[in-house]
Amino acid sequence: MEQNAQLLREMAAKAGAETWEDRKKNQTPQCKFGEDGICCRICSMGPCRITPKASRGICGADAHAIAARNYVRFIAGGTAAHSDHGREIAHVLHVSSRDGNYIIKDEQKLLNLAREWGVATEGRDIYDIAHEVAEIGLMEYGKPFGTLRFLERATEERRKLWEELEIAPRAIDREIATVMHMTHMGCSADAEALVMQGLRTGMSDGWGGSMMGTEFSDILFGTPTPKETEADLGVLEKDMVNIIIHGHDPAMSEMIVAASNQSDLIEYAKENGARGINIAGLCCTGNEITMRHGVKIAGNFLQQEGAILTGAVELIVVDVQCIFPALGPLTKCFHTKFITTSEITRIPGSEFIKFEPIRALDQAREIVKMAIDNFKNRGSNICIPQSKQKAVVGYSCEAIIKRLDTVTNSHVDDLGTYKPLVECLESGVLRGAVGIVGCNNPKVRPDYSHIEIIKELLRNDIIVVATGCSAQAAAKAGLMQKEAKELCGAGLKRVCELADIPPVLHMGSCVDISRILMLVTGIAKAWNVDIPKLPIVGCAPEWMSEKAVSIANYVVATGIDTYLGIEPQVKGSSQMMELITEGTRKLVGAGYIINTDPNKLVASIIEGIEAKRAALGI
Ligand code: BF8
Ligand code: SF4
């Protein structure tokens, strides 16, 4: 890892390119007011900062009001990003057709959702059903009355609690607008009220926009099943046309993958002196595509510049979110073409090809052809790090249940449930389960916290599910191969052998944390134990984005303790620190546990899980 970084630093120096490491140095020390969340620029009487001599802004807002308002705006940003992604996929579903670019790949999942939403299915064309389901999904964003449909999927205990606390989310866009309104100058200054709206907004992401993103993607592109792949920069091929797909929305990249498999384009690549076309993914677009096609993983968030620095990438095509604007100038230092495809993500130094679902395959072919044409322009200075690891990916809830079915020695009526998993947890063969999620953050060494925490959990017989950049960190470290069972305690090792799974299960992209919500809900129902009592927690060791805080809020509201390795920017308010750790726990049964030392963080996770086991008397 460090060796790779060194190689790439040398490449950057040779090419005269700058990287996040250089920019991080220039940004140090970072602004203390921003770090503590006590700088307000919500109106132009400001900016106002809270200092020992100024305990209030000009309007009278104190540190608690300012930190709380900044915090919930952060959540609104994340909810907007995830949910708008879900909305885009709903629009693609809405234009799906039997003879079009986008077809229905998982009819059963569509029919299940149609029934769940009361859409008639009998004797109807599957595409009519798809379009009606898409429309209902789109209405979830702006419906004037009622709460979100997917809340029906939650446990009865959660649904009742959310109603009582008045945090059951209404239309998705409304919750985001409510945050912007509440935090407008002269509205809410009460930190607790703002935190509650933060929970409700996060819920409109997890139990709304993100869940739609996952469901509709599965319907259109197929529900993931286990498949083998490889991860890390070593997946780039010296003698092939390398195309990187990066971002989050899988609609465009699905077509890029389809185009790259077409024989005329492969032939064209060969005519141009390459051995073929090699697609590799970064960030969550990479996760979506590897989950469904086994496409190789080039890396995670802080590796996006590294991929370009190899000098071996003909073209990088991006959709939305987590894309460094730095890719503009960086790609100019190499022959790499940089293509943006969404009006949401316009970046100087890129070529913009606006994604149009009805002619997406033609556009994808055009993009793949551009990459092939660019192969001859590759410089002589190529440096592809050798490192890569094998991984098994593709663990949707459906895939997990299927694996569990093969190990259950109980009777037929147990088929298709999480019962075997519950039995393992109850008997103590597995001590608990942890969802490790989230980003890289230059505040800590990339991937280090993810990996240290995961390894310690495995040693302690705690099974791990992972999404996002965390999943990619695990894959790069070889923790998603079945051989990783050797790193586990005896109980977890046995479970891996019986179920033929790796000890860390890749559950997808960050919107796919909705899969983890359904997994935990399924376990709670099968066990008949309320979610906060389960020996199951979440952890984001290296989080950085607004989306991560939105996620943390719906995870907490769902009753799952969330361990953070990076501090939320609210330290300047003692009230906010209390609210996000203990305050929410009194209300929804879960909260944040924060520690920037990964060894201490994982120790507290294990302690938390054991405490939950003790309380259950198991
Ligand atoms: O949505 S984990 S750096 S890539 S925000 Fe971004 Fe964070 Fe990675 Fe996926 Ni999620
Ligand atoms: Fe200052 Fe209040 Fe305006 Fe914020 S809203 S900038 S604290 S005057």
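1. Buried means under 20% relative accessible area, exposed over 50%, and partly exposed in between, with a 1.4 Å probe and protein chains only. By that scale Lys600 is exposed at 52%, and Asp597 is partly exposed at 27%. The two form a salt bridge, with the closest N and O atoms 4.0 Å apart. A salt bridge here is a side-chain nitrogen of Lys or Arg within 4 Å of a carboxyl oxygen of Asp or Glu.

2. The model is predicted: local features need pLDDT of at least 70, side-chain atom pairs count only at pLDDT 80 or more, and totals for chains, interfaces and linings use all residues. Residues are numbered from 1 along each chain as its sequence is written, and side-chain values use heavy atoms, leaving out hydrogens and water.

3. The count is 45 salt bridges. Asp218 pairs with Lys109 at 2.7 Å. Asp218 lies in helix H9 (191-221) and Lys109 in helix H5 (107-116), so the pair ties together parts 109 residues apart in sequence. Helices are DSSP runs (H or I, at least four residues), numbered from the N terminus. Asp218 is buried at 0%; Lys109 is buried at 9%. Both belong to a salt-bridge network that also links Glu288, Arg292, Glu398, Asp512 and Arg515.

4. Glu164 and Lys160 form a salt bridge at 3.9 Å. Both lie in helix H7 (156-165), four residues apart, about one turn of the helix. Glu164 is exposed at 56%, and Lys160 is exposed at 57%.

Notes
Chains are lettered from A and ligands numbered from 1 in the order in which they are written. Helices (H or I, at least four residues) and strands (E, at least two) are DSSP runs, numbered from the N terminus.
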